[in-house]
Amino acid sequence: MSSKVFPHGDDGEKNLSAFGVQVREMAASAIFAAGHELKNRAMPLTPKDTGALRRSLNVSVPEPRGGTLTVTVGADGRSAPYALAVHEMTGATFREPGTGAKYLERPFNQMQGEIVQQIAMQIHEMIKKNFIDKPRGGS
């Protein structure tokens, strides 16, 4: 049977420390998944001539920067300057309808609320699991 308790003492400190690690790991996983979702949503919006630009899109692993975790979605290496130029061609007409400039920015703007909500729900579930519904020792 579970009870509603917030652990305290040495066990509580260990639980909070472990919880902090879990939150960072969960956030990294969620942000990485969001990066892949952004790439997937951007793919059909990305102009296609030879297909090289679409193939060049990638997602970096989460990196800590200051107090945040960051993933980068875009092209790197030799494709990066071309990808940036195409991304910013707001006045151009592209062959394939629906594709064009801001192919990463448009889905990113649509996803922002979803990402925050998903991470908040996961943290809520972790708090509930680790601190609210945690069984008391002994009985």
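**Close-up views: salt bridges and nonpolar core**

Glu114 has a relative accessible area of 39% and is partly exposed (buried is under 20% relative accessible area, exposed over 50%, partly exposed in between, with a 1.4 Å probe and protein chains only). The model is predicted: local features need pLDDT of at least 70, side-chain atom pairs count only at pLDDT 80 or more, and totals for chains, interfaces and linings use all residues. Residues are numbered from 1 along each chain as its sequence is written, and side-chain values use heavy atoms, with hydrogens and water left out.

**View 1. Glu114 and Arg41 form a salt bridge.** The N to O distance is 2.8 Å (a salt bridge is a side-chain nitrogen of Lys or Arg within 4 Å of a carboxyl oxygen of Asp or Glu). This pair links distant parts of the chain, with Glu114 in helix H4 (residues 105-132) and Arg41 in helix H1, 73 residues apart. Helices (H or I, at least four residues) and strands (E, at least two) are DSSP runs, numbered from the N terminus. By the salt-bridge rule, the count comes to seven.

**View 2. Arg41 also pairs with Glu37.** Their side chains meet in a salt bridge at 2.8 Å, N to O. Both residues belong to helix H1 (residues 9-42) and lie four residues apart, about one turn of the helix. Arg41 is partly exposed at 26% relative accessibility, and Glu37 is partly exposed at 32%. A network of salt bridges links Glu37, Arg41 and Glu114.

**View 3. Glu88 and Lys102 form a salt bridge.** The N to O distance here is 2.6 Å. Both Glu88 and Lys102 lie in the loop between helix H3 (80-87) and H4, so the pair ties together parts that are 14 residues apart in sequence. Glu88 is partly exposed, its relative accessible area being 38%.

**View 4. The largest nonpolar core has 22 residues.** Such a core is a set of buried Ala, Val, Leu, Ile, Met, Phe, Trp, Tyr and Cys residues joined through side-chain atoms within 4.5 Å. Tyr103 and Ile119 have the most contacts inside this core. H1, strand E1 (57-59), H3 and H4 are the elements that give two or more residues to it. H1 supplies the largest share, eight residues.

**View 5. Surroundings of Tyr103.** Not counting residues up to four places away in sequence, Tyr103 touches Ala42, Leu45, Thr46, Pro47, Leu53, Leu57, Ala83, Val86 and His87. Contact means heavy atoms within 4.5 Å.
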